[in-house]
Each structure stands twice: as C-alpha cells, then as structure tokens.
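Here's a quick briefing to read with the model open beside you. Take a look at the sequence and the fold, then go through the points below.

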Amino acid sequence: MKKTTGMDRAATRNWRPATRAVRGGTWRSEHGETSEALFLTSGYAYDDAQTVADRFAGDADGMTYSRLQNPTVAMLEERIALLEGAEACRAQASGMAAMTAALLCQLSVGDHCVAARAAFGSCRWLVDNLLPRFGIETTVIDSAEDAAWEAAIQPNTKVFFFETPANPTLDIVDLQFVCDLAKAHGITTVVDNAFASPALQRPMEFGADVVAYSATKLMDGQGRVLAGAICGSEEWINETLLPFQRNTGPNLSPFNAWVVHKGLETLDLRAKRQSEQAVALGQFLEPRLEKAGGQMLHPGLPSHPRHDLALAQMDMTGPIFAFDVGTRERAFAILDALELIDISNNIGDARSLMCHPASTTHASLSEDARMDMGVTEGLLRINVGLEDIADLKEDMDRALVAATL
Ligand SMILES: *Cc1c(COP(=O)(O)O)cnc(C)c1O
C-alpha cells in the first residue's frame, strides 16, 4: 500500500535518480500534504519528562532543538544524500559554512592540508589565511597536475581539498586518481562539487570521502537563498562533523531548506539543459575569440586540455565556462554592452550571468594568488541560463562587437 504519511527510507533507497530528486526524503505529517511541510520552529514540546530525557540521552528518536534536528531540514538532507549516493548528509547555512565546517571539524594543530590552487575565492582564503591561524599547515598545488598531489604529501597530511570543475578557470581534477592516492595514504578527500551538482557528477562514485556543496548554486538554481550541504559516510558525519556542527551552529534555516527542496525537484532538468546551452554558446564564441587571440576555458569543448577526462567523470559539463579577452578594458566593454545577460557574480542560476572574477569574486586575494590561479585581468566567467539560446547568442554578439572582437 502507498504510504501517505511518514518517511519510508527502505523504499526510497531503490528509487532511480529522477524519482529521488522529486520525492526523496519526503516525510509527510498526519495531514498528508503533497509539498514538503515548512516547520518554522526552533524548539519542540514533549508529552512527559522521561520522553525528553530519553531523546537527550540518545535512547529515543525525536527532535529536541533545531540546531540539532528540524523536520524540513532533515527532509532536505535525506534527499541530497539520496541524489549523491551518500550514506548521510547535513545541511549548512551557506556553501562557505559547509567548506569551513568540513575542514575545521577534522583538522587540528599540527595537521597538513593539500589544496588546489584554483578555487572559489573564499575557499582559497580558508586555506591561505584561516587554517594557518590554527596551526594547520597548507600546501597549494596545481590540481590538474597528477604528480603534484603525490609530491605534496607529508607524514601529517590529513586532507585533500579541491573543486572540479574549479572556479573560475574550469580546471578538471582526475577524481579517480586523486581519491585512490588519498586512500593509499589514509588521507580524507573533501570535494567541493558546487559547479556540477549531483545531477552532473557524483564524486563518491570515484571514491571521494566527503562531498561539500554551495546549494546556493545549481541546487536552488533560481537565485533565491544561500545554502550548503556536506555528504559523507554515516560514521564520518556522526562522529566527526556532528560534534562540530551541533556546538558551533552553522545550521540552515528551515525556510531556506524548503526553498532548496523546491529547487531539487527541477535540478536534473535545469543542470542538463543549461549544460547543453553552455556548450552551444561556447561553440559560438570560440572562433571569434581565437581570431582575436583570446582563450576559451570550457570543459565541454575539445580545446580544453582535460575535455576527455571531464566527459568521462561527468554526465555533462555544466552551465559555467570562462574566457580570456586579454585586458580589463575589453572585459569591461563586453560586460557593459550586454543587454540580456546580467552583470552578476552568482552561478547555477536559471538566468545567464557574467562577471569579471579579478575585480569581484577573487578581488580579496593577493595579486600573486590571482596570477597563480590564472585569474587574469581579461578573464570573464559566464553562467549560462535557460533563456532561448538564439537570444543569448545575439546578446553575446552585440557585446563582442562593442569590444571589437
Ligand atoms: C559559491 C561557491 C562557494 C560558496 O558558497 P556560498 O553559498 O556562496 O557560501 C564555495 N565553493 C564554490 C565552488 C562556489 O562556487
């Protein structure tokens, strides 16, 4: 018989991905509501004193306080875990709350972390500034160079931290190689999968231990809320992450969790359509760029040095690519001539958005760090949305002409 209330975890596990995205984690109240209920509550009341004592002792299931559990947030966590193929997931207040918690919950003074040099600006800030303040050594490497990972390992190396595709230069890390290497040395891999989402790439299939998200990006996908998530084994989440999370409180609000829930229902459709559009717009742009001496950074095009690897480990290559037009003047001329595509630094949105990373998302880094990552003055990054591709090409054409490209 079909269940109309409660959450049937056993049945859920056998569902195929599209079904999981729409129904996974749904936990109906006695009203049998179709859309997930929004439990905007910080606390819970109990029938008697023994009930709450048992819950606090861990002897009985049930909610005690929304920093520890909330039904709307728990539904989202269950759905993300199902999409990822992870044993467990915990939602976080933002992508950066997720990255910070995923690193600080397991690193201590005297440990060493190897990180990719190409990274979201704030992820790089964690590695360059925050971890060293707590006596955690860090080494930053070219993540697309396999030998660099092995060369960076020290006896105290505890974590590998990287994105693939990486922001904003679209470097591709060989997931199988790096995860195998980490396993052989007892190192925990933390993969920031924000650029792909579980609809396009599932790092755990290649042996990743921890997958962390900015759910602000493709998961919400409509530019509404900040959100994050961390996926891992049940043991790692319960024993390593939860003591940190429950006591430091980077929790996602139930309202934002509910909004991300609505986003996940259409994640697969959006991520795949936007990937197709990004390939089409890249193909339109590439010959014009080449003629002007510019450079395309697009994992979905054969000109990318790791195009084959990207196709092998991703279902599709995602909505984001970057291109270098040589100078800041030219980059700004393109941005200022756009009439449809917004000048905006978000990604994963259903709207097309373009930004100049050197003066925005990566402006807080040192000039040296920017050059090291390939964030040049002529670099532009675009998130390709769901608008009609003909309109996007027209807008891009207008902007290129304005910048004499
Ligand atoms: C946006 C982003 C983050 C940070 O996420 P927020 O939700 O903005 O805090 C981290 N990593 C990557 C790769 C991102 O794109």
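Helices (H or I, at least four residues) and strands (E, at least two) are DSSP runs, numbered from the N terminus. What you're looking at is a predicted model, where local features need pLDDT of at least 70 and side-chain atom pairs count only at pLDDT 80 or more, while totals for chains, interfaces and linings use all residues. Residues are numbered from 1 along each chain as its sequence is written, and side-chain values use heavy atoms, with hydrogens and water left out.

- E7 covers residues 228-232, and five of its five residues are buried (under 20% relative accessible area; exposed is over 50%, partly exposed in between, with a 1.4 Å probe and protein chains only).
- Gly228, Ile230 and Gly232 sit on one side and Ala229 and Cys231 on the other, and both faces are covered.
- Strand E1 (residues 88-92) runs antiparallel to E7, joined to it by five bridges (two strands pair if DSSP finds at least two bridges between them).
- Strand E6 (residues 210-214) is also antiparallel to E7, with four bridges.
- Cys231 in E7 stands opposite Cys89, and Cys231 is also the bridge partner of Val211.

**A closer look at Gly228**

- Gly228 counts as buried because its relative accessibility is 2%.

**The five-strand sheet**

- An open sheet with mixed pairing has the order E8-E9-E12-E11-E10.
- Its edge strands, E8 (295-297) and E10 (342-343), each pair on one side only.
- Five bridges pair E9 (residues 320-324) with E12 (residues 379-383) in the antiparallel sense, and Ala322 has Arg381 in E12 as its bridge partner.

**Cysteines**

- A disulfide is a covalent bond between the sulfur atoms of two cysteines.
- The structure holds zero disulfides, counting a pair of cysteine sulfur atoms within 2.5 Å as one.
- Cys113 is too far from any partner for a bond, because the closest cysteine sulfur, in Cys123, is 11 Å away.
- Cys179 is in no disulfide either, and the nearest cysteine sulfur, that of Cys231, is 14 Å away.
- Cys113 is buried at 0% relative accessibility, and Cys179 is buried with a relative accessible area of 2%.
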